[in-house]
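The following note reviews one structural model, point by point.

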Amino acid sequence: MFSESQKIETYKAMGQIAMVCGGSEYKCAWAMSLLEQGVDTPYIAILATLIKPINEFEADDYFNRVLSELDIERPNDEEAIEGYAKVLMKEVVDGSLTPEVGVSMIYNANVKLDYPSSFGDFTVLEDEWYCEYINGWSKEQRKTKIINACKNTYEVLNYPNVFKV
């Protein structure tokens, strides 16, 4: 039912939701994106069209209903954030996300996950000043190291198994 890009978008949304309290805006944006791509169910339509200010409880209820409709299992926060980081790494490697922006977003996931060893490189790489003045790297060297760290870590991480079909 889901295309590969819709699956990637879902992993990213799950991670964004797990990274913030409530996450209703991410839930609604994900639903709207699916709706725009032709994935249409009654609960997707409701979730996509909730009006601001969004009631977190209502958004969460409809989000859970959408997941049930689509036969998607909601991952725990740690799995969701790892999946989100993996999407970000893929975007950095593919060039759809700049290394500087990507490393900052991955570092935020690293913090939320309480600094797992698999994300160790991103603690240093996120700090532009440290990379340039302590390590002596040029901006291009830092970019290259970020891309390489994304490639290497991408291979280690797994997307959570959320799609039952």
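1. Overall fold. The protein chain contains nine helices and zero strands, where helices (H or I, at least four residues) and strands (E, at least two) are DSSP runs numbered from the N terminus. In sequence order the pattern reads α-α-α-α-α-α-α-α-α. The C-alpha trace spans about 55 × 30 × 25 Å along its principal axes.

2. Basis of the values. This is a predicted model, in which local features need pLDDT of at least 70 and side-chain atom pairs count only at pLDDT 80 or more, while totals for chains, interfaces and linings use all residues. Residues are numbered from 1 along each chain as its sequence is written, and side-chain values use heavy atoms, with hydrogens and water left out.

3. Of the 165 residues in the protein chain, 42% are buried; buried means under 20% relative accessible area, exposed over 50% and partly exposed in between (1.4 Å probe, protein chains only). The chain exposes about 8,900 Å², of which carbon and sulfur atoms supply 49%; accessible areas come from the Shrake-Rupley method with a 1.4 Å probe, and for residues only the protein chains shown count as cover. Among contacts (heavy atoms within 4.5 Å) between residues at least 6 apart in sequence, 62% join residues at least 24 apart.

4. Helix α5. This helix covers residues 77-94, 18 residues in number, and reaches 26 Å from its first C-alpha to its last, close to the expected 26 Å; the expected span is 1.5 Å times one less than the number of residues. At its start, a side-chain oxygen of Asn 76 comes to within 3.1 Å of the backbone nitrogen of Glu 78. Just after the helix, Gly 95 adopts a positive phi of about 90 degrees.

5. Packing of α5. Which residues of α5 are buried? They are Ala 80, Ile 81, Gly 83, Tyr 84, Ala 85, Lys 86, Val 87, Leu 88, Met 89, Glu 91 and Val 92. The buried residues of α5 pack against α1 (4-19), α6 (99-112), α7 (120-125) and α9 (139-156).

6. Nonpolar core. The largest nonpolar core has 49 residues, and those with the most contacts inside it are Trp 30, Leu 47, Leu 70, Ile 72, Met 89, Phe 119 and Phe 122. Such a core is a set of buried Ala, Val, Leu, Ile, Met, Phe, Trp, Tyr and Cys residues joined through side-chain atoms within 4.5 Å. Two or more residues of this core come from each of α1, α2 (24-36), α3 (42-48), α4 (56-69), α5, α6, α7 and α9. The largest share, eight residues, is that of α5. In soluble globular proteins, nonpolar side chains tend to be buried together.

7. Leu 70 and Thr 41. Not counting residues up to four places away in sequence, Leu 70 touches Met 1, Phe 2, Trp 30, Leu 34, Val 39, Thr 41 and Ile 44. Thr 41 lies in the loop between α2 and α3 and counts as buried because its relative accessibility is 12%. Its side chain reaches the backbone nitrogen of Ile 44 at 3.2 Å. With neighbours within four places in sequence set aside, Thr 41 is in contact with Glu 69 and Leu 70.

8. Backbone points to inspect. Lys 52 and Pro 53 are joined by a cis peptide bond, with omega about -5 degrees; Pro 53 lies in the loop between α3 and α4. Asp 71, a residue other than glycine, has a positive phi near 60 degrees. Asp 71 is in the loop between α4 and α5 and is partly exposed, at 31% relative accessible area. Tyr 115, also not a glycine, has a positive phi of about 55 degrees. Tyr 115 sits in the loop between α6 and α7 and is partly exposed, at 43%.

9. Aromatic rings. How many aromatic pairs does a search of the whole structure find? There are eight; rings of Phe, Tyr and Trp (its six-membered ring) pair if their centres lie within 6.5 Å, and planes under 30 degrees apart count as stacked, over 60 as edge-to-face and the rest as tilted. Trp 30 and Phe 63 form an edge-to-face pair, 5.5 Å centre to centre with 70 degrees between the planes. Because Trp 30 lies in helix α2 and Phe 63 in helix α4, this pair ties together parts that are 33 residues apart in sequence. Both Trp 30 and Phe 63 are buried. Phe 2, Tyr 11, Tyr 159 and Phe 163 form one aromatic cluster.

Notes
Polar contact = N/O pair within 3.5 Å; in protein donor to acceptor, adjacent residues only side chain to side chain.
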